[in-house]
Amino acid sequence: MTRSINGTVEVPGDKSISHRVGILGALSSRGIEVTNFSSGADCASTLDCVERLGCSVERQGDRVKVARGEGIAEASRTLDAGNSGTTARLLCGLLAGVPGTFSVLTGDDSLQRRPMSRIVDPLRVLGARIDGRDGGKRLPLSIRGTRLTGGQYVLPMASAQVKSALLLAGLSAQGSVTVVEPLSTRDHTEIMLEHLGVPIRRDGDSVTVYPFDDLPGGSWRVPGDFSSAAFWIVAAAICSDSSVRLSGVGLNPTRTGLLEVLRSMGLDCSVENESAQGGEPVGDLIVRSSSLSSVSVGSDMVPSMVDELPVLAVAATQAEGTTEIRGAGELRVKECDRIAAVAEGLRAMGADITEHDDGWTIPGSQRLRGATVDSRGDHRIAMAMAVAGLAADGPVKILGSDCVSISYPEFFSQLEELSEDLVPTRG
């Protein structure tokens with residue numbers, strides 16, 4: 001038995017874009033002002049860190065303005081990125097190129113287990129002076145700002161965070177910095193720089209930035225977060241007699257891989273009111289109950305939907321045929337081991353799922369049952385399991401569900417508003 005969900009949802013402002021508002025605003029004397037700034041704790045960590053660096057941060061509801069103030073100064077206290085890998089990695093790029101400063105950067109227990117060498121190593125190639133636990137492979141990190149060199153760096157793996165950190169470092173380097181990607185990743189940093197009028201060059205898989213002392217300011221509305229919308233897209237698709245409108249969602253093609261995959265599976269979805277905000281395409285998504293069929297996802301598709309793969313796995317349990325999701329080994333080093341967490345949670349609900357080093361094999365047309373599942377403190381696992389719970393025959397309890405505050409504090413209250421039936425409970 002699947003429950004029905006119906007109504008209109010406004011998801012929080014895009015988390016990736018909100019982070020970049022905080023970081024790029026710190027390089028602008030005029031400042032960047034936006035509305036619909038993300039309500040999640042991760043982006044609050046970014047604002048807290050740039051404020052500790054002497055920048056001006058004004059926040060009233062979802063309206064945020066960040067400006068350089070007197071310039072980035074040495075923080076008197078440790079910079080705490082909380083649970084946010086984006087905060088930690090982008091700050092490395094920002095701080096590495098500020099001569100005369102010394103910063104110590106840390107995070108919570110989960111973030112301290114996540115790899116940092118992927119950003120530390122390329123920044124060191126540009127001359128960054130970064131050290132830390134396990135030779136700089138883990139937080140805490142110490143960063144001594146210095147005048148970085150320019151140059152070209154070829155990324156060994158696709159990573160928007162690493163690309164963005166190098167581009168940020170390039171803004172204060174001695175010469176231009178070019179980053180070459182093996183696969184295209186989300187390009188919010190490039191779009192925001194272009195929207196602000198900062199000269200950059202995009203050429204195929206490479207992007208180049210040039211030294212720029214003071215970024216121009218600007219103001220706009222942050223699009224709705226597609227990664228947050230993904231849970232409602234899948235929920236409406238797998239629940240009978242359902243129709244959900246998602247208003248003002250960001251439709252950047254480097255982020256909407258899930259939408260394209262679900263459409264290939266038979267998703268009933270239309271787009272209305274298309275426009276642009278801050279250089280980003282946006283629109284209203286209208287998603288209805290759908291008859292889904294299986295799909296095969298490979299490594300070339302992962303960068304555009306890496307955060308949405310847990311909820312795609314949920315959709316696969318309700319599709320006809322067997323779905324294969326591979327090339328997603330990056331999920332092992334997210335807030336938790338998401339490959340293991342998804343397999344554990346769905347098995348608890350009675351699903352047949354085979355776990356691989358880099359993904360899953362998932363037979364479809366499965367009946368899920370009520371169960372108690374563990375979010376492992378990961379916001380995307382908690383929400384994916386809640387969506388799975390909508391398709392379960394019995395009650396589902398999600399342990400550690402408060403972790404949704406990382407990106408989407410309103411998620412469970414909106415779920416209750418959309419569903420007239422029993423929804424998953426929290427623990």
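Helices α10 and α11 cross in a right-handed sense. In this predicted model, the axes of α10 (residues 309-318) and α11 (residues 338-348) come within 10 Å and cross at roughly 35 degrees.

**Contact of α10 with α11**
- Helix α10 contributes Pro310, Ala313, Val314 and Thr317 to the contact.
- From helix α11 come Arg338, Val342 and Leu346.
- By type, the residues of this contact are five nonpolar, one polar and one charged.

**Nonpolar cores**
- The largest nonpolar core has 79 residues, and Trp232, Leu246, Leu285, Leu312 and Trp360 touch the most other members.
- Helix α8 (residues 226-238) supplies the largest share of this core, with eleven residues.
- A separate, second core holds 65 residues, including Ile17, Val21, Ala96 and Leu166.
- In soluble globular proteins, nonpolar side chains tend to be buried together.

**Annotated domain**
- An unreviewed UniProt entry places the feature "domain: Enolpyruvate transferase" at residues 4-415.
- Residues 4-415 are 31% helix and 26% strand.

**Ser76**
- Ser76 sits in the loop between β4 (63-67) and β5 (79-80).
- Ser76 counts as exposed because its relative accessibility is 75%, and the cut-off for exposed is over 50%.
- Between Ser76 and Ala348 the C-alpha to C-alpha distance is 47 Å, and the two residues are 272 residues apart in sequence.

Definitions and conventions. Residues numbered from 1 in each chain as written. Predicted model: local features only at pLDDT ≥ 70, side-chain atom pairs only at ≥ 80, totals over all residues. Heavy atoms only, no water. Helix = DSSP H or I, 4+ residues; strand = E, 2+ residues; numbered from the N terminus. Buried < 20%, exposed > 50% of the residue type's maximum accessible area, 1.4 Å probe, protein only. Core = buried A, V, L, I, M, F, W, Y, C linked by side-chain atoms within 4.5 Å. UniProt positions renumbered as here; feature names shortened; annotations may be inferred. Axes fitted to C-alpha atoms, helices over the stretch in contact; angles between N-to-C directions. Left-handed = near helix turned anticlockwise from the far one by under 90°. Contact = heavy atoms within 4.5 Å. Nonpolar A, V, L, I, M, F, W, Y, C, P; charged D, E, K, R; others polar.
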